[in-house]
Amino acid sequence: MTLDRSGALALDAADSLAEFRDRFVIDDDTLIYLDGNSLGRLPKASRQRVVEVLDRGWGVGLIRSWDDEWLELPTRLGDLIGVELLGARRGEVVVTDTTTVSLYKAITAALDARPGRRTVVIERGNFPTDRYVVESLATQRDLNIRWVDETGVEGVTEADVVEALDESVAVAVLSHVDYRSAAILDMGEVTSFAHRVGALTVWDLCHSVGSVPIDVQTANVDVAVGCTYKYLNGGPGAPSFTYVRQDLQEVLRQPVWGWWSRREMFDMEQGYDPEPGMRGWLTGTPGVLSMSAVEPGVAMVAEAGIQALRAKSCDLTAYAVELYDAWLRPSGVGLASPRRPERRGGHITVTHPHARALTTELIRTGVIPDFRRPDGIRLGMAPLTTRFVDVHDAMTKLTALVA
């Protein structure tokens, strides 16, 4: 493949997903946005949906809109995410709470389901909120944390996790895609080994949902939590989703009881009697505006198809690595992501001693990446909106700055 700009333009001309970019709010077509793996762009349909909820649902319907359409929003949206993007069955996913709160509820429920076991396995390089939740629970319950250390660019391996598992482990808290390197962990293999020692798994899907194919049924996943504001384009602070395998829904009990998860919630009776199924994982009144903004983005990802999205994502990151090898590697810039596309999620990370300053300068020149301590520049390529010419131009500017 030619590495000049015409090659990138030719790839864009052949891109079957190119038309989706026009469905997003992009007021400056010259801005190169490579941070969609942190906050996705705004879909035009989401803006329209929020205005509709404001004007018609709230403005006209007022409290009647709860009965008309809002009461079932957490489970309806959960089914859309679950069936279309997770390989789940209907009734196994609900949208509720922030990612941190959902993780707390999921990990607590898993711990309660394994009384007598006092060890939690988690990657030392897992996303901070995952680690902090585990550390908080370990302090409250006098648990042991068994850290799985990093093993380089390829991230934590299946063998590393398996080595940390034994009959003392109650739950393993793991990320499907590493938020720094984009290395993918095999959910099916790790979950299988966890089950052999009687442990449960809680998977963080934040950096994989909408970018990497997921099949929770085939992998026999116990519990999973993911966000909606990255590849699903749900907006800043959009709510998270929780998946619980059907046969575990009557076994696991989430710890934060609220009126939205009580059976016959409007009876306002004394005592807590949880709803069966995933409604039992709700807590308080959901944020209707933010939840409504999520639905169009999820529907768009489902329409594009996860296999097509994954194919383009692999092509984008492979193109970025090819440019890195030609232009940046000779200058001493490192690559902190797996080289094989099948081992990578939707971004790559390059390293440089002056990564923070380079990130600042890239933003000044119209390229928005993400800085990750201590020396990483994360380049996120969202297949619905990122063009090959964006990757080419961003790498051109980074090469010039490094020089």
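How many positive and how many negative side chains does the protein have, and how far apart do the centres of the two sets lie? There are 42 positive and 56 negative side chains, with the two centres 2 Å apart; Lys and Arg count as positive and Asp and Glu as negative, while His and the chain ends are not counted. Each charge is placed at NZ of Lys, CZ of Arg, CG of Asp or CD of Glu.

The model is predicted: local features need pLDDT of at least 70 and side-chain atom pairs pLDDT 80 or more, whereas totals for chains, interfaces and linings use all residues. Residues are numbered from 1 along each chain as its sequence is written, and side-chain values use heavy atoms, without hydrogens and water.

Next, colour by burial: 56% of the 403 residues are buried, meaning under 20% relative accessible area with a 1.4 Å probe, protein chains only.

Now select Leu86 and Trp203, which touch the most other members of the largest nonpolar core, a set of 50 residues. Such a core joins buried Ala, Val, Leu, Ile, Met, Phe, Trp, Tyr and Cys residues through side-chain atoms within 4.5 Å. Helix H10 (residues 288–304) supplies the largest share of this core, 7 residues; helices are DSSP runs of H or I, at least four residues, numbered from the N terminus.

Stay on Leu86 and show its contacts (heavy atoms within 4.5 Å). Beyond four places in sequence, its partners include Ile81, Val93, Leu205, Phe241 and Tyr243.

Finally, select Ala106, Ala110, Val202 and Leu248, which belong to a second, separate core of 31 residues.

Definitions and conventions:
Helix = DSSP H or I, 4+ residues; strand = E, 2+ residues; numbered from the N terminus.
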